[in-house]
Amino acid sequence: MDLILQLLANGVSNGSQYALLGIGFGLIFGTTGIVHFAYGPVLAASAYVMWWLAASLGLPFPVALVLGVAFAGIAGVVAYLVLYEPLLARGSPSFVVLVASLGLFILVSNMMAVLFGTDAKTLSDISYGIYVLGDVVITGVQLVQIAVFVIIAVGLAIFLRTSAWGNAIRAVTDNVAMARIIGIDTRKVAIVVFALGSMISAIGAANILVRDGASTHIGFFAVFYAFISVVVGGVGSVWGAAIGGLLLGLVESAGMWKLPTEWQSTIAFMVLFVVMLWRPTGLLRGN
Amino acid sequence: MSAIPPILEIQKLSAGYDRRRVVQELDLAIAPGEILLLLGHNGAGKTTLLSALFGLLAPSAGRVLYDGRDITARAPRNNVKNGIAFVPQGHAVFRRLTVHENLVLGGFTVTDKSEIARRIGQVEDLFPILRERRSQLAGTMSGGQQQMLAIGIALMLSPRLLILDEPSIGLAPNLVSAVMDSVQRVRASLGATILIVEQNIEKSLPIADRVMIMRTGRTVYCGPPDALTDRTVLVQYL
């Protein structure tokens, strides 16, 4: 029973991180239809920026976090304006946009390796402590991951339901042609979701930085889990991405009970295959 | 006494896709408050014409004047702000949003919340079924109800010019009558000018003030509907 509770706590914690990344990625994918694989390197770059500001310049971590989040938002918008928008304006088919996104992923990842090296950059002076809740041991980072996910998910849901921009995003996600016809500036909506989604990725990057440190490969794993969370939950649904991420974390944690950690990615794919065969549009019936 | 200037004037408009001209040097003028019925076979260029004048498709030549101002190739959002609403073919609704959310979105360019609430009330008075189904997801409603909602979304703009592209497509005959009734009610209650493309001649002819028939991108008839009530005359044009 103790082990099950511990696995559950680990699953919820990891799942919250996947769900957070899924929400950001899904916001961009669901609204614009762009499979923004460069979401990963934007996340990794923001982790490096936060590390550099905190470790090299000595800024307090909350300040580094805010600046890192702002950097990610700008980087996401630049990716849209410089790469995706010109391609879409020329009528490029979606697979060309996908290949361009992968190209950007490789370019930015390699640039970061050149700039920062391939070793992990850690912040040694940040510790959130370790807590014992009954028979379950949980780290402060795990608690922060869960809390951050809940705050972002609820905040985003309120934003999408109550604000004019939120309504515009939901409209574009549902029917972009109709959104244009009723007078919504779909270009501005795309810019807003690239900024928002990328900023959410940077919050996930802060969790990774504190837990494991920044390295070039964190971007790959981030976009990998974000993508699977979105597809499992249902494209175009924020709650779908959240549920997909949480499910992924829980199943993965359960799998770790009997399997070595190298099977982590395999379990993620197994979840994807099973859900796709059962419900091809995802758990919450997305687009 | 001078004639009332047209609300919409199209001068030598040509439009198409790639190098194919679908609409060819077409002229048209619509008077304020008029219901103009646009007829023609599939491929005649009706939808292309509507897309070009609403700004969804850039014309290759010619001009579109609205209230005397040149709006050629202006973005749809600018046309919406000027009081032009477009209901495209199919059930033009946000399927995964509720009826109420659809109507609120229809008034996206309206900043005054009390005005949005007033217009929703006006639309619900016009289509009481939308009040009953307020919390229902649009995609779960019947085809006729979705068409009512599509028109309702357009009416949230309080348009001076309403453009409808085949609103009766795919609807049962009784629903087609209901949609045509609603078009007349829109004109009566809002005083809007209406440009309507229809395939259902029998149901749409009685509501039209004037009819324009297109063939291969050109106008082959433009005049009163009475002249077309004789089927043999109509067949000559279609």
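Student: What does helix H6 of chain B lie across?
Tutor: This is a predicted model. In it, H6 (residues 143-155) of chain B lies across E6 and strand E7 (161-165) of chain B. H6(B) runs at about 165° to E6(B). Angles between N-to-C directions run from 0 to 180 degrees.

Student: Which strands does helix H7 of chain B lie across?
Tutor: H7 (residues 173-190) of chain B lies across E3, E7 and E8 of chain B. Its angle to E8(B) is about 160°.

Student: What is the strand order of the open sheet in chain B?
Tutor: Six strands follow the order E6-E7-E8-E3-E9-E10, with mixed pairing.

Student: What makes E6 and E10 of chain B edge strands?
Tutor: Strand E6 (84-87) and strand E10 (218-223) of chain B each pair on one side only. Neighbouring strands of this sheet are turned by 15° against each other on average, direction ignored.

Student: How do you know that E3 and E8 of chain B pair?
Tutor: Pairing needs at least two bridges. Four bridges join E3 (residues 35-39) to E8 (residues 193-197) in chain B, so the two strands pair. They run parallel. B:Leu37 has B:Ile196 as its bridge partner in E8(B).

Student: Why is helix H1 of chain B called largely enclosed?
Tutor: A buried residue has 20 or more other C-beta atoms within 10 Å of its own. Nine of the nine residues of H1 (residues 46-54) of chain B are buried, so the helix is largely enclosed by the rest of the structure. Among them are B:Leu49, B:Leu50 and B:Phe54.

Student: What comes just after H1(B)?
Tutor: B:Gly55, with a positive phi of about 95°.

Notes: Residues are numbered from 1 along each chain as its sequence is written. Chains are lettered from A and ligands numbered from 1 in the order in which they are written. This is a predicted model: local features need pLDDT of at least 70, side-chain atom pairs count only at pLDDT 80 or more; totals for chains, interfaces and linings use all residues. A residue is buried if 20 or more other C-beta atoms lie within 10 Å of its own, exposed if 12 or fewer, and partly exposed in between; C-beta atoms are placed from the backbone. Two residues are in contact if their C-beta atoms, placed from the backbone, lie within 7 Å.
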